[in-house]
Amino acid sequence: FNPTEEHQQLRSMLRDFVQNEVEPQANEFNKKEQLNVPLMRQLGDLGLFGLTVEEEYGGSGMDATAVVLAHEELSYSDPALCLSYLA
């Protein structure tokens, strides 16, 4: 595995996001068995929906490795959120 600079930037951004936004809410929403809709919208604002969609169609134009990195980072603190993201 030889991540590109783009992969490294994505991972760094996601780690910061997970630490600052995902981790603090995980237990509360999981205990209530609720989806944090505003947090899901933030994922969209970050361009995480449509990672592999070409930029000309509104996506990020990244590869499958980027998707795996997103899944890995999101599931670190909140696997339930990551499963919702995958859906």
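Contact means heavy atoms within 4.5 Å. The exercises below concern a predicted model.

**Exercise 1.** Determine how helices α1 and α3 are arranged relative to each other.

*Solution.* Two packed helices are described by the angle between their axes and the distance between the axes. Step one: the axes of α1 (residues 5-31) and α3 (residues 64-77) come within 8 Å, and they cross at roughly 25°. Step two: angles under 35 degrees count as roughly parallel, so α1 is roughly parallel to α3. Step three: the crossing of α1 and α3 is right-handed.

**Exercise 2.** State which residues of α1 and α3 meet, and classify them.

*Solution.* On the α1 side, the residues are His7, Leu10, Arg11, Leu14, Arg15, Val18, Val22, Glu23 and Ala26. On the α3 side, they are Thr65, Ala66, Leu69, Ala70, Glu72, Glu73, Leu74 and Ser77. The residues of this contact comprise nine nonpolar, three polar and five charged.

**Exercise 3.** Locate Glu33 and describe its phi and its exposure.

*Solution.* Glu33 lies in the loop between α1 and α2. Most residues other than glycine have a negative phi. Glu33 is not a glycine, yet its phi is positive, at about 55°. With a relative accessible area of 75%, Glu33 is exposed.

Key: Residues numbered from 1 in each chain as written. Predicted model: local features only at pLDDT ≥ 70, side-chain atom pairs only at ≥ 80, totals over all residues. Heavy atoms only, no water. Axes fitted to C-alpha atoms, helices over the stretch in contact; angles between N-to-C directions. Helix = DSSP H or I, 4+ residues; strand = E, 2+ residues; numbered from the N terminus. Parallel < 35°, antiparallel > 145°, perpendicular 65-115°, else oblique. Left-handed = near helix turned anticlockwise from the far one by under 90°. Nonpolar A, V, L, I, M, F, W, Y, C, P; charged D, E, K, R; others polar. Buried < 20%, exposed > 50% of the residue type's maximum accessible area, 1.4 Å probe, protein only.
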